[in-house]
Amino acid sequence: MIRAMIVINNQGKPRLSKFYNYTPVEQQQQLIRSIYSVLCLQPENVSNFIEGGSIWVRQKTYFSDSRLVYKLFATLYFVFVFDSSENELAMFDLIQVYVETLEKCFSNVCELDIVLNYSKIHTILDEMILGGQVVETNSEKVMQAVEEISKLEKVTAATKLISKSTSVLWG
Amino acid sequence: MALSGMRGLSVFISEVRNCRNKEQERLRVDKELGNIRTRFKNEKGLTPYEKKKYVWKMLYIYMLGYDVDFGHMEAVSLISAPKYPEKQVGYIVTSCLLNENHDFLRLAINAVRNDIIGRNETFQCLALTLVGNIGGREFAESLAPDVQKLLISSSCRPLVRKKAALCLLRLFRKNSDILNVDGWSDRMAQLLDERDLGVLTSSMSLFVALVSNNHEAYWSCLPKCVKVMERLARNQDIPQEYTYYGIPSPWLQVKTMRALQYFPTVEDPSIRRALFEVLQRILMGTDVVKNVNKNNASHAVLFEALALVMHLDSEKEMMSQCVALLGKFIAVREPNIRYLGLENMTRMLMVTDVHEIIKRHQAQIITSLKDPDISIRRRSLDLLYGMCDVSNAKDIVEELLQYLGTADFAMREELALKAAILAEKFAPDLSWYVDVILQLIDKAGDFVSDDIWFRVVQFVTNNEDLQPYAALKAREYLDKPAIHETMVKVSAYLLGEYSHLLARRPGCSPKEIFSIIHEKLPTVSTPTISILLTTYAKILMHSQPPDPELQNQVWAVYSKYESCIDAEIQQRAVEYFALSRKGEALMDILAEMPKFPERQSSLIKKAEDTEADTAEQSAIKLRTQQQASNALVLTDHRPANGAPQVSQLGMIMVPSTSNVDQNVVDQPLTHSNGTLSVVDPQPPAQDHAPAGDILGDLLGPLAIEGPPGVSPQSELNNVPSHEGTLGANDALALAPVGDQESTVKPIGDIAERFHALCLKDSGVLYEDPYIQIGIKAEWRGHQGRMVLFLGNKNTASLDSVQAKILPPSHLKLDLSLVPKIIPPRAQVQCPLEVVNLRPSRDVAVLDFSYKFGTYLVNNRLRLPAVLNKFFQPIQVSAEEFFPQWRSLPGPPLKLQEVVRGVRPMSLGEMANLFNSLKLMVCPGLDPNACNLVASTTFYSENTRAMLCLIRIETDPADRTQLRMTVASGDPTLTFELKEFIKEHLVSIPTAGKPPAPVAQQPQPNIPPIASSDPGALLAGLL
């Protein structure tokens, strides 16, 4: 199963983290830090897989038999932590699907979109992964579901929207 | 951008983002948390929108690593909100913040259930997602039926059903009882027919969980999986949007093939054919293309197909095709493929015999050891380790050694350990092994665990040919300007033991060796100094005649450390100093270390241990198990009688050895007399303990799995007559001898007399200066009559004569009255009636005491009313023998045993022995001249007359072992007879039998022991 999905920027700030096994908050932070410390040292043109043993020396019991696959998009690392019951390349593809879905959602997605649409990226993730298992790999379907949710929101919520242009202010 | 429609949240996130450092961030977050807390407290003023906003903020803060426990309740309460946006936040945030054991979650079960069984699909989805992410046992119990209903319902939209499948998977993991195996397998099979790929993908995940738990129940689903594969890979019969870069849903393909790997095999030939057709298509039809994403997807499928092919253990041809593919992969540019290629090759080593084909790729694998990617380097190390055998060990280990110099620090320890193990397991010759380990220590001393150098010391100690070479190598390394401390340890040890073998070489005189080792002393730590001190003592010992200059140098070192703060060093310094003044006696004290008992390499064990927590499919683990037998076999120089242990002790013998020697030689004599057996075996052992400790200490660092110092102690007790037991226990051993002089010593060996009487019917049972006890016996069937003759040898009378019989349960013994006083020079006869009730080897004991003057003598004597007394030899012919033999088919009436450690005797001697035991040897029955057949009739009240048949098959090449078959009509008899014969074959009766019951004590007050077998009890006491 997938044990965690983490998005970290290239400065080590978490942008999204979801653990599918209960993990106390301190341990989450520790894991994120140790993952980042390995990722930021990865040279170019190496494989996208990192073995758990080489990262969490101290958390060995928690994440034994786990691997990590990552992909760097601009300033963001997208990371999946998974166990031996998953196929490595399939996990790698899943990152691609997630990012492609974000792209469809935000067109020309950048870190800022992800930061400011914190709730939305959670919703998208929940449409793709449930309880550590892939629930949908078709980004069209994911989009449909997310749009349905958006409509529901619109009906009930009377809130101001933040457009891309205004968000540039904080860039 | 509806979902992000919370200005407050965005503003907050931006502010946190703009914080320049962690401290500012903390301040900002604390301020916000304070704000949220107060707002939650006065709930009245909170609009649903605000509530929602604050809960999102909390989740964000939580992600940053702050504690938000106070808000759990708020998040959970949102779940029961009537409107969608609040409910959604409640569900998402709850599933991030809480775990299944959280109390608040229990409060929500009802609300969640209402959403699941409600009509609102979106609510259903939210609830299913929450339960799928964090549902626990309680959820499983209360929600499983509802979730099942959703999954199989035909009216539900796929959107809901796919979530229901994964939700059910979570609940199943929490409580596997929720799915009734019988009923569910049919439903599962139906689910695998699903057309909607989203639902099918989730169902396949559920299916994988189910088959991994119990594949037996789901055989009916196997053809369905093959159908899914055919549909995807062959027919490509899926909607366009489920192809990913032209590949039909790689995730579903991968999951399906994963599921198939949980079935042990595919038996149905047509299904098997169909599956292999698909697999073949995948293996052959995957090309490397430019588009990276397409490449990844197609290779995801391909690697899973490879795993499935390996699992199905298909024909060799297909296997070599797989290896060829992998060989291609490990050389491609794309690092992910290289990585997975190496990994799968390692797996391949485990499942099938493709070792030779994989070896063709060795060069490429070695190249990968230098890959810029550490993940790839690790894989390649694993693979090299797994594929190593005698033929390529030299190449591989040398590569590893070379790599060690440049390897990442994170990998060095593992690398060193693996190189050491491979060198040990597959060394073409031992000198190479020594080279490798010394190089290892030289190059990566920090990463060489103690186990590694202990092991090389063991090898060198146990292989004499290796000793001069190892010493020379150690000497060479000492010439290097800066060497690792471990190298100091190992070379000091080796040179201490074996430098005298180099004495003629230039630079290897004791003095030179001493000075080059001593140079290192200022740089090393305390434990190493201890080793060096021992080395000096050994060097000193080997320089004969003593070199006064060297002596003075060493003594100077010892006297310097005499006041060392470290107790260990101080003790060594003081003791070695004293010992080294003993002159030639030093030779005996500091003799060469004995050979180590052979044991499993702790290195290999360690490697197995570390692998225990990596992957179930660790190829290495499996192969180490298979190859354990390939490990270098040390010549086992350990004679059965424990002599080496004694020499081990010899090394630590403490002073005053030589002058006790003489006394101790007497000891075995007295001991075999039996008088000494009063001495509890424990005291000598305890007395050895301090000696053992010194031993343990010297050996301490070498004791890889247990201090070898332990075994000698126990062995010692078994060989008390060995001269090696002197020294340490001399004082104690001698003390009783001194005492004995004031008491009464028996004449002759009591045990020997007993054994003689077992074979004949009259003779002396016991004799001392004052009394002689003779025996005369007659046997008829299961009854017997013994007469004890008690003769007073003195001119004074013997008082307080007492004789009591302690009968075993199988004998009825009736001793007539024994007079209290035996007059001078008189002989008293005491008849003893014996009835044998059933077969048993237990022995009756005569508890006998008398008083002579001030001496009180008490003895316990075994009575020769033994099993063979109730035998009547009988000659049987072939016509009688074979039908009887065949009619007793096997255990428990006919027992067979291979007896080892038989005392060597010719066949004639054995026949004599049997005849004297009243087992009639019947020549000519067995055509094989090396075999022996005997028969006898046994009598007891229970069994009456019972024929016993015995066959002994000897091995002319090895007289110490034979095969024995014993048959009779009574299982107890068969067993007892077998054991009885064994006792006579295996041991020399005088020594090997349980010690004679000769407790002779100055005080008479031995409480009578009530027991079924006093003989055995007595033996136990002794």
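Predicted model: local features only at pLDDT ≥ 70, side-chain atom pairs only at ≥ 80, totals over all residues.
Strand β1 (residues 2–9) of chain A runs antiparallel to β2(A), and five bridges join the two. A handy landmark in this pairing is Ala4(A), which stands opposite Phe19(A) in β2(A).

Chain B has a sheet of its own to look at, in which three strands form an open, antiparallel arrangement in the order β6-β9-β10. Strands β6 (799–806) and β10 (855–862) of chain B stand at the edges with a single partner strand each, so one side of each is left without a neighbour in the sheet. From one strand to the next, the twist averages 10°. Strand β9 (residues 845–852) of chain B is joined to β10(B) by eight bridges, and the two run antiparallel. Within this pair, Phe852(B) stands opposite Tyr855(B) in β10(B).

Two helix pairs of chain B can be set side by side. In one pair, helix α28 (residues 526–542) of chain B packs with helix α29 (residues 548–561) of chain B at an angle of about 150°, and their axes are 10 Å apart. Angles over 145 degrees count as roughly antiparallel, and α28(B) and α29(B) are therefore roughly antiparallel to each other. The crossing of α28(B) past α29(B) is left-handed. On the α28(B) side, the residues in contact are Ile529(B), Leu533(B), Tyr536(B), Ala537(B), Ile539(B) and Leu540(B). They meet Leu550(B), Gln551(B), Val554(B), Trp555(B), Val557(B), Tyr558(B) and Tyr561(B) in α29(B). Sorted by class, this contact has 12 nonpolar residues, one polar residue and no charged residues.

In the other pair, the axes of helix α9 (residues 158–174) of chain B and helix α11 (residues 197–213) of chain B come within 8 Å and cross at roughly 15°. That angle makes α9(B) roughly parallel to α11(B). The crossing of α9(B) past α11(B) is left-handed. Among the contributors from α9(B) are Arg161(B), Lys162(B), Leu166(B), Leu169(B), Phe172(B) and Arg173(B). Those from α11(B) include Gly198(B), Val199(B), Ser202(B), Leu206(B), Leu210(B) and Asn213(B). By class, the contact of α9(B) with α11(B) has 10 nonpolar, five polar and three charged residues.

Most residues other than glycine have a negative phi, and most peptide bonds are trans. Against that background, the peptide bond from Pro891(B) to Pro892(B) is cis, with omega near 0°. Pro892(B) lies in the loop between α40 (878–887) and β12 (894–899) of chain B. In chain A, Ser107(A) has a positive phi, near 40°, although Ser107(A) is a residue other than glycine. The loop that holds Ser107(A) is the one between α3 (88–106) and α4 (111–116) of chain A.

Finally, a few words on confidence. The model scores ipTM 0.87 and pTM 0.61. The average pLDDT of chain A is 82, with 84% of the residues scoring at least 70. Over residues 157–171 of chain A, pLDDT stays under 50, and the model has 24 contacts beyond four places in sequence for this stretch. For chain B the mean pLDDT is 78, and 81% of its residues reach 70 or more. Among the elements of chain B, helix α13 (residues 250–260) has the highest mean pLDDT (94) and helix α34 (residues 643–652) the lowest (33). The pLDDT is below 50 over residues 612–742 of chain B, a stretch with 176 contacts in the model beyond near neighbours in sequence. Residues 989–1022 of chain B also stay under 50, and for them the model has 76 contacts beyond four places in sequence.

Terms used
Residues numbered from 1 in each chain as written. Chains lettered and ligands numbered in written order. Heavy atoms only, no water. Axes fitted to C-alpha atoms, helices over the stretch in contact; angles between N-to-C directions. Helix = DSSP H or I, 4+ residues; strand = E, 2+ residues; numbered from the N terminus. Parallel < 35°, antiparallel > 145°, perpendicular 65-115°, else oblique. Left-handed = near helix turned anticlockwise from the far one by under 90°. Contact = heavy atoms within 4.5 Å. Nonpolar A, V, L, I, M, F, W, Y, C, P; charged D, E, K, R; others polar. Pairing = 2+ DSSP bridges. pLDDT = per-residue confidence, 0-100.
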